[in-house]
Amino acid sequence: MTAPRPAAPIKVHSSPISGHSHRVRLFLSLLGLPFETVDVDLGAGAHKRPDFLERNAFGQVPVIEDGEVTVCDSNAIMVYLNERYAADPARWYPRDPLAAAQVQRWLSVAAGQLAAGPAVARVIVLFGLARDPAEVIARSHDLLRVMERELSRRPFLAGESATLADIANYTYVAHAPEGNVSLEAYPQVRAWLARIEALPGFVPMAASRIGLAA
């Protein structure tokens, strides 16, 4: 099956330090889709300006513009890209009800436990926030212990091959050490990261030399 192609490169409003932005760029690359990035200066508050709020009322990156279509929220963007452009959409988001539910479960984790754990831990260090990180780091390890158990049973989060579940959770886990969350105790998680990094079309997010990654 020939995959459809966008009429012009997809415009990605994003930040190079945002894991949410990276998961969208990563999926675009895995699908082999043309795109161009528009850096949003979070430090200068560009994501809260009226022109950006017209694209996403929540004032968050990433946002994509695909011709006349605008989509925000990283997980929603990946679902859109998959359904519109993947040669085999079931490859990344299965059509079997139970398999689809398993992927959705991990998309919810990405928006929940991952965002409240490793993502926040990294933000605390990255921006030097005056906040005690102990609870966030503990929450991160609670998540990693669950992932470690589940990845001991299968190679990817939702099954035998990579899905949107893995793309949604990869970046903040891979960069967890930047938030002083060690991955040392989680060999299955580290092996899972390596499997994602071996996917054709994989592109990394630039590392920040902070926390345990310094």
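Visitor: Leaving aside its neighbours within four places in sequence, which residues is glutamate 148 in contact with?

Guide: In this predicted model, contacts of this kind are read from heavy atoms within 4.5 Å. For glutamate 148 they are Tyr186, Pro187, Gln188 and Val189. Glutamate 148 itself belongs to helix H7, residues 134-151.

Visitor: How many residues along the chain lie between the positions of glutamate 148 and valine 189, and what separates their C-alpha atoms?

Guide: The two are 41 residues apart along the chain, while 5.5 Å separates their C-alpha atoms.

Visitor: Is glutamate 148 buried or exposed?

Guide: Buried means under 20% relative accessible area. Glutamate 148 has 13% relative accessibility and therefore counts as buried.

Visitor: Let us turn to the strands. In which sense do E3 and strand E4 pair, and over how many bridges?

Guide: The general idea is that side chains in a regular strand alternate between the two faces of the sheet. Here, E3 and E4 (residues 69-72) pair in the antiparallel sense over four bridges. Strand E1 (residues 10-14) also runs antiparallel to E3 (residues 63-66), joined by three bridges.

Visitor: Which residues stand opposite isoleucine 64?

Guide: Valine 12 stands opposite isoleucine 64 of E3, and in E4 the bridge partner of isoleucine 64 is valine 71.

Visitor: What is found in the hairpin of E3 and E4?

Guide: Two residues lie between the strands of this hairpin, and glycine 67 takes a positive phi near 65°.

Terms used
Residues are numbered from 1 along each chain as its sequence is written. This is a predicted model: local features need pLDDT of at least 70, side-chain atom pairs count only at pLDDT 80 or more; totals for chains, interfaces and linings use all residues. Side-chain values use heavy atoms; hydrogens and water are left out. Buried means under 20% relative accessible area, exposed over 50%, partly exposed in between (1.4 Å probe, protein chains only). Two strands pair if DSSP finds at least two bridges between them.
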